[in-house]
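Please report on the fold, surface and aromatic contacts of the model shown below. Keep the cut-offs with the terms they belong to.

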Amino acid sequence: MRIELTPLSPEEHDVIVHDIAAFWQHHASLANRDETITSEQAENTLLEWQGKGHTLFSIWACGKQAGFLHMQRIGPIVMQLEDIFVQPALRGQGIGSALLSHVLARAAGLGFREASIGVEE
């Protein structure tokens with residue numbers, strides 16, 4: 001599967017805000033919390049993830065915008081893969097798996113020598 005990571009463009013803003021809201025909504029459901037994530041909350045997250053030390057990419061799979069990837073610098077040579085979100089309709093197609101090797105290569109290209117990845121089911 002062909003996976004691409006691209007820096008977030010202004011044209012993708014609304015899609016990414018929607019995906020961030022869906023991401024947090026999914027987390028709330030995993031914790032059995034009955035809450036609704038607002039667009040304002042998603043916008044605040046986007047602003048944070050565009051700040052210093054953070055890197056946010058759009059995930060593209062087979063020419064379609066498929067989600068986002070958020071990394072955070074946690075040291076001079078260490079990158080932490082914070083969040084991956086693949087849109088629900090595109091899950092189960094190997095996008096996340098293909099993305100991991102792509103991300104590690106990209107991180108090395110950005111000068112990182114170590115990576116930290118946590119996984120939640």
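## Charges

The protein chain carries 8 positive and 15 negative charges, and their mean positions are 10 Å apart. Lys and Arg count as positive, Asp and Glu as negative; His and the chain ends are not counted. Each charge is placed at NZ of Lys, CZ of Arg, CG of Asp or CD of Glu.

## Basis of the values

This is a predicted model: local features need pLDDT of at least 70 and side-chain atom pairs count only at pLDDT 80 or more, while totals for chains, interfaces and linings use all residues. Residues are numbered from 1 along each chain as its sequence is written, and side-chain values use heavy atoms, with hydrogens and water left out.

## Fold and dimensions

The protein chain has 3 helices and 5 strands. Their order along the sequence is β-α-α-β-β-β-α-β. Both kinds of element are DSSP runs, numbered from the N terminus: helices are H or I with at least four residues, strands are E with at least two.

The radius of gyration of the protein chain is 14 Å, which agrees with the value near 14 Å for a compact globule of 121 residues. That radius is taken over C-alpha atoms, and the globule rule is 2.2 Å times the number of residues to the power 0.38. Along the principal axes, the C-alpha atoms fill a box of roughly 40 × 30 × 30 Å.

## Burial, surface and contacts

Of the 121 residues, 34% count as buried. Buried means under 20% relative accessible area, exposed over 50%, and partly exposed in between (1.4 Å probe, protein chains only). The protein chain exposes about 7200 Å², with carbon and sulfur atoms supplying 52% of it. These areas come from the Shrake-Rupley method with a 1.4 Å probe.

Contact means heavy atoms within 4.5 Å. Among contacts between residues at least 6 apart in sequence, 57% join residues at least 24 apart.

## Aromatic pairs

The structure holds 7 aromatic pairs. Rings of Phe, Tyr and Trp (its six-membered ring) pair if their centres lie within 6.5 Å; planes under 30 degrees apart count as stacked, over 60 as edge-to-face and the rest as tilted. Phe23 and Phe68 form an edge-to-face pair, at 5.5 Å centre to centre and 70° between the planes. Phe23 lies in helix H1 (residues 13–30) and Phe68 in strand E3 (residues 64–73), so the pair ties together parts 45 residues apart in sequence. Both Phe23 and Phe68 are buried.

Trp49 and Phe68 have ring centres 5.4 Å apart and planes at 50°, so this pair is tilted. It links Trp49 in helix H2 (residues 39–49) with Phe68 in strand E3, 19 residues apart. Trp49 is buried at a relative accessible area of 4%; Phe68 is buried at 0%. Phe23, Trp24, Trp49, Phe68 and Phe85 form one aromatic cluster.

## Positive phi in two loops

Asn32 has a positive phi of about 55° although it is not a glycine. Asn32 sits in the loop between H1 and H2 and is exposed at 72% relative accessibility.

Cys62, also not a glycine, has a positive phi near 50°. Cys62 is in the loop between strand E2 (54–61) and E3. Its relative accessible area is 55%, so Cys62 is exposed.

## Ala28

Ala28 is part of helix H1 and is buried at 0% relative accessibility. Beyond residues up to four places away in sequence, Ala28 touches Arg33 and Glu35. Ala28 and Leu104 are 76 residues apart in sequence and 28 Å apart in space, C-alpha to C-alpha.
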